[in-house]
Amino acid sequence: MKKIFLSVIFAGIGLALFAQSADKARDYYKAGKLQDAKTEIDKVLTVDKNQKALDAWFYKAKIYAAIGTNDQMKSQVPDSYAQAFDALKKYMDLDDKKVYLLLIQDQYKVINDIYQGYFQSGAANYNTGKYTEALNDFKGSIAAITFMSHNGWIKQTIDTTAILYAGISGEKANNRDEAVIYYRMIADSGVTRIGGNDMIEIYKWIADYYNRKGDDANTAKYIAIGKAKYPKDLFWPEMELDILRKKGTKDQLFAKYEEIVKQFPDSSVYFFNYGLELYQYSSDTSTGKRPDNADELIKKAQDNLSKSLQLNPNYPQASLVLGQILYNAGVDLQQQAKVIKGPKPEDVKKRTDLRAEATKKFDEAIPYFEKVDGLLGSKGKLKKQDRDTLKDSYDLLITIYQQKNVKDKETVYTDKYNNVDKVH
């Protein structure tokens, strides 16, 4: 009985010694003596038997969270919030009954301090251009609030501001693979505004990221999400068209255009682009011949370009391409006439008819080129696209009037052509 009694006494002495040490660290902490508190709690936790002491780990969490906000000490312990967070988790893991008495008595202040500490540190690093450090801090604040939510201590499930700045910090640190993790959280949650700021550029960034990666599945996924949130933004159809130009068939591309012009029936630009691409494909001879349905495609191209001009009569590029289509049709008729060599009356008539049809096409093209002159010729300096459009129109007018042998107009447009770069 005496041996048992002595062992109980010794055990009691050990506990008393530990309790005294933990209390001392706690008292230093409450007195604001953080250096002493840190020294004491570190000493306590170097003892193996104290590794399972709940209050030791809890007070380490409290002390290290406080160090993170202390100007004199935080540089000595740059990972103070991480150590505090780990200590809190250790405290909770050791509580077999999951009562968390000290945490409740603390009113969960320690985890809030860790969360706020991470966030404030992230903001400070972000504002001074330390984006890698800011990313790590915002990741810590996200982890802290996720921890609180997972344990049912708060109703909030995500901190969209911390997530947003984690993504921005990753992007500014040239770590796009990290940035996308956090931007995706925003898109996957369906959030469209954070702090009064619209998130459309984040949705676009994600789709572009996966497109650049060649990840077709995720590209399609985030285009669909973006379109659902911002259906009127032209970024989505532009990206879909670009992808189909590179990876799809012409049938798929034109089917997408049909879908887009129905969605944006007032867009002169989409009708123009659709018409232009139809015509470019219909007149492509790189395979040795034009597509079998070239005539049908050209007619469709003209319909879309005409619709574009109807929506925007002052669209010089649409006028130019409609004129080019008619001009090229005239050139084709001239080529057909040259092929007919026979002296027979029917051959002569056929050549004459084809040349007359060619001249008619040229005459039909003239008003479109003159329209370009009317829109751009009287203006001052032009953007390159408009300047090129004007020069192309003058060049074709010169050619037409040469063939028609109308010298005065040929001279007028030659002079205008020669002065485009000087005047515009």
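Student: How much space lies in the largest pocket?
Tutor: This is a predicted model. Its largest pocket is lined by 16 residues. The space in that pocket is about 370 Å³.

Student: Which helix gives the most to the lining of the largest pocket?
Tutor: Two elements give two or more residues each: helix H4 (80–94) and helix H6 (109–127). Among the residues nearest the centre are Gly68, Lys74 and Pro78. Five lining residues come from the top contributor, H6.

Student: How many charged residues are in the lining of the largest pocket?
Tutor: Sort the lining by class. Six residues are nonpolar and seven are polar. The charged residues number three.

Student: Where does the largest share of the lining of the second largest pocket come from?
Tutor: About 220 Å³ of space lies in this pocket. Helix H15 (294–311) and helix H16 (316–339) each give two or more residues to the lining. The largest share is five residues, and it comes from H16.

Student: How many nonpolar residues does the lining of the second largest pocket have?
Tutor: The lining includes Tyr279, Ile298, Ile325, Leu326 and Ala329. It also includes Arg290, Asp295, Asp332 and Lys361. By class there are four charged residues, three polar, and the nonpolar count is five.

Student: Why does H14 count as roughly parallel to H16?
Tutor: The axes of H14 (residues 268–282) and H16 come within 10 Å. They cross at roughly 25 degrees. Angles under 35 degrees count as roughly parallel. The crossing angle therefore makes H14 and H16 roughly parallel.

Student: Which residues of H14 make the contact with H16?
Tutor: H14 passes H16 in a left-handed crossing. On the H16 side, the contact uses Gln317, Ala318, Val321, Gln324, Ile325 and Asn328. The contact residues divide into six nonpolar, three polar and no charged. From H14 come Phe272, Leu276 and Tyr279.

Student: Are H15 and H16 roughly parallel or roughly antiparallel?
Tutor: Their axes are 9 Å apart, and the packing angle is about 150 degrees. Angles over 145 degrees count as roughly antiparallel. H15 and H16 are therefore roughly antiparallel.

Student: How many residues in the contact of H15 with H16 are nonpolar?
Tutor: The crossing is left-handed. H15 brings residues including Ile298, Leu305 and Leu309, and H16 brings residues including Val321, Leu322 and Leu326. Four contact residues are polar and none is charged. The nonpolar residues number eight.

Definitions and conventions
Residues numbered from 1 in each chain as written. Predicted model: local features only at pLDDT ≥ 70, side-chain atom pairs only at ≥ 80, totals over all residues. Heavy atoms only, no water. 1 Å grid on protein atoms, 1.4 Å probe; cavity = no way out; pocket = protein on both sides within 12 Å on 5 of 7 lines; lining within 4 Å. Points joined across faces, edges and corners; volume = space filled by probe spheres on them. Helix = DSSP H or I, 4+ residues; strand = E, 2+ residues; numbered from the N terminus. Nonpolar A, V, L, I, M, F, W, Y, C, P; charged D, E, K, R; others polar. Axes fitted to C-alpha atoms, helices over the stretch in contact; angles between N-to-C directions. Parallel < 35°, antiparallel > 145°, perpendicular 65-115°, else oblique. Left-handed = near helix turned anticlockwise from the far one by under 90°. Contact = heavy atoms within 4.5 Å.
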